[in-house]
Amino acid sequence: MENSNKIKFTDFYDTAKIMGLDLSSVDLDHVDMSYGHLGDAEFSFVNSKVLHPDDQLPFSTPPFFTTFFSVGFVLDAYGKIIVDKLPFNVKPGMLFVNKPGELQQLTWEVMNESYGIIFSENFISKYAGISIYKTFPFLLFERQIPLKTSEVFQQELKKILLLIVDQLLNDSPWKNQICANLLTRFLLKIKQEYWEGYVINNPETKHHDIVNDFFQNLEFHYDQLLKGKVQRTLYMKDYAEMQQLHENYLSSILKAKTGKTGGQLIAEKTLSAAKILIEDPRLSLKEIGYMLGFTYLSYFSIFFKKHTGLSPVNYRKKSLQL
Amino acid sequence: MKPVLTNLSKITECLAFMNLPISTYNSVDFSFIKLHELGINLPFHSPTFRPDFYNLFIIVDACGSYYIGDKEFELSSKKIIISRPESFSSSYWTKIQKVYAISFRKSFLLQYFPAGIDTVLELGGENGYTYDLTEKSMNYYEQTCQEIYDLSLSTMAYKDELIANLILNLLFLMQLHQNSDSNLKLESEKQTTIVSAFRQNMENNFSRLIRGEDTSIMRTKEHSRLLNFNENHLSKVISNCTGKTINEWINEKLIDEIKYLLKHSDKSMKEIAALFAFNDLNYFCSYFKTQTLNAPNALRKEFNNGKKNQNYV
């Protein structure tokens, strides 16, 4: 049992699909908080204490690329996390934040109480209607946030987590909305507590700046694109020019830091934008394709099918059925 | 006795009209009031307002009635009640032990959470919604209210965001309760947006009409033009999603408004007819008859008699 949990944990980050499968085997007779993790590919809750019983410590995950945002809420545990080759110590009373596309390795040495929330960007924008990049920029720039303040505040945060668990256990039709709502409250509380006097920490190396700037430019551009404020799609060359870099240099840094080429990153963003637009029945597929820079509908269809396994038409049918 | 009829719509205006104190945190967008701390003389009949905000009452211990449009909700202990904006409403209290009243505008929530909340605010196509709370959920609601109250008094940064978040949380929980008996079939997020945009336009039209800013009731043609849709498409979306056609929506709303005025105001039939842009009193009566199978005068008499009898008992 413990063994299978361990496999779950590593798979969990790797692919969303395997995680989805895990859920069907969740035993609902369990009591509250006895779950290692709860949730689905879009939003999950992790109770590390359950996943890593004392006899299996220290425990180390293999290095993996995240595909989600994850927030670790450490109340009483020790360990180490290596993100992009930079090690951080995990100690009681801190919060660590990871954004998608980072190479990381997590090690636990002592584990008494620690929780994690894992969510996709899509989840919070779809169900809570907010943009991470606008409302919670610290998720992008921070690696760890000390929760040194009072015990009371930590308990307050924990209470929100318990509410989330409660929601995940009660499979209600509004589960996603309520979870997104609670997650937002969790993040707002943190923002409220730490934002005052907040300065964006200078990233350790120059490369971080470049990667972060690239992501910001990318987000901003697609935000504008979705709102219809700009018509043109941008290529690697344009993004490189924004930072006064050469195209090849930017590409090589992105590849080294994120493990993906610039083209792939843009394609991913295009895909998520396409999904949002396809769910809007007011737009024709041709229009959507054109908005995202595909001159012919067939190019768009091929691109979409290649990445999702579904043609845009089928995807729309499926999304409208839900 | 009939409540005083007003067209006041803003939160602050309504509070001022009732001579209630306006605190610094009671803005046009949001207010939180502990009714039991105001020292209201009972029984209390509130004036009729036409709010542009949502009203959410969390009733721990109180008695009374709440009127919105043609609907009457009983106010009793361990209850939660929410009402939509742009409709005549008033309340009547006989006992107020512990009541929290939260008022907020849609824009207050939209400001921080710009998407995905249309469904919650539709209230399943009704003007208001209420249900009884269990002991456990009562506690949860009360705690949340306390939290909102503390926040509204505090000077912390991002408090509005948190308040909006907490209100949304309450709304989601209400929605959860209502989900089983909702009669809206909303197929996707975007169609919800269309439905709620249509409803808002329709309600605005009525409010403007009453304030004398519009001269006629908008029908399908005007609505589709306003939303930039084809008439047929809009009709189809509305009737598929809600099970009611556009005209049915408009007629129901109109009858609802007229009924409220007949029951809870002393306005003459002629004045009411003029208010809703009926040029001819006869036409008004026959319209009302075809819609409700009852004459307006008869409805008013029946209601008044019914009330008198109640008073004697």
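Helices here are DSSP runs of H or I with at least four residues, strands are E runs of at least two, and both are numbered from the N terminus. Hello everyone, and one caution before we start. This is a predicted model, where local features need pLDDT of at least 70, side-chain atom pairs count only at pLDDT 80 or more, and totals for chains, interfaces and linings use all residues. Residues are numbered from 1 along each chain as its sequence is written, with chains lettered from A and ligands numbered from 1 in the order in which they are written.

Let's begin with a helix pair in chain B. Helix H7 (residues 220–227) of chain B packs against helix H8 (residues 231–242) of chain B at about 100°, and their axes are 9 Å apart. Axes are lines fitted to C-alpha atoms, for helices over the stretch in contact, and angles run from 0 to 180 degrees between N-to-C directions. Angles of 65 to 115 degrees count as roughly perpendicular, so that is the term for H7(B) and H8(B). Where do they meet? On the H7(B) side we have Thr220(B), Lys221(B), His223(B), Ser224(B) and Leu227(B), and on the H8(B) side Glu231(B), Leu234(B) and Ser235(B); contact means C-beta atoms, placed from the backbone, within 7 Å.

Now over to chain A, which has 15 helices and nine strands. Please find strand E8 (residues 103–119) of chain A. Strands pair if DSSP finds at least two bridges between them. Strand E5 (residues 69–83) of chain A runs antiparallel to E8(A) over 14 bridges, with Phe73(A) opposite Tyr115(A). Strand E2 (residues 43–47) of chain A is also antiparallel to E8(A), through five bridges, and there Phe43(A) faces Phe119(A). Strand E3 (residues 59–60) of chain A joins E8(A) by two antiparallel bridges, placing Phe59(A) opposite Trp108(A).

Keep Phe119(A) in view for the last topic, the core. A residue is buried if 20 or more other C-beta atoms, placed from the backbone, lie within 10 Å of its own. A nonpolar core is a set of buried Ala, Val, Leu, Ile, Met, Phe, Trp, Tyr and Cys residues joined through C-beta atoms within 7 Å. In the largest one, of 101 residues, Phe119(A), Ile124(A), Leu183(A) and Ile167(B) touch the most other members. Helix H5 (residues 159–178) of chain B contributes the most, ten residues. Leaving out residues up to four places away in sequence, Ile124(A) touches Phe119(A), Ile130(A), Ile132(A), Ala180(A) and Leu183(A).

Notes:
Angles under 35 degrees count as roughly parallel, over 145 as roughly antiparallel, 65 to 115 as roughly perpendicular and the rest as oblique. Two residues are in contact if their C-beta atoms, placed from the backbone, lie within 7 Å. A residue is buried if 20 or more other C-beta atoms lie within 10 Å of its own, exposed if 12 or fewer, and partly exposed in between; C-beta atoms are placed from the backbone.
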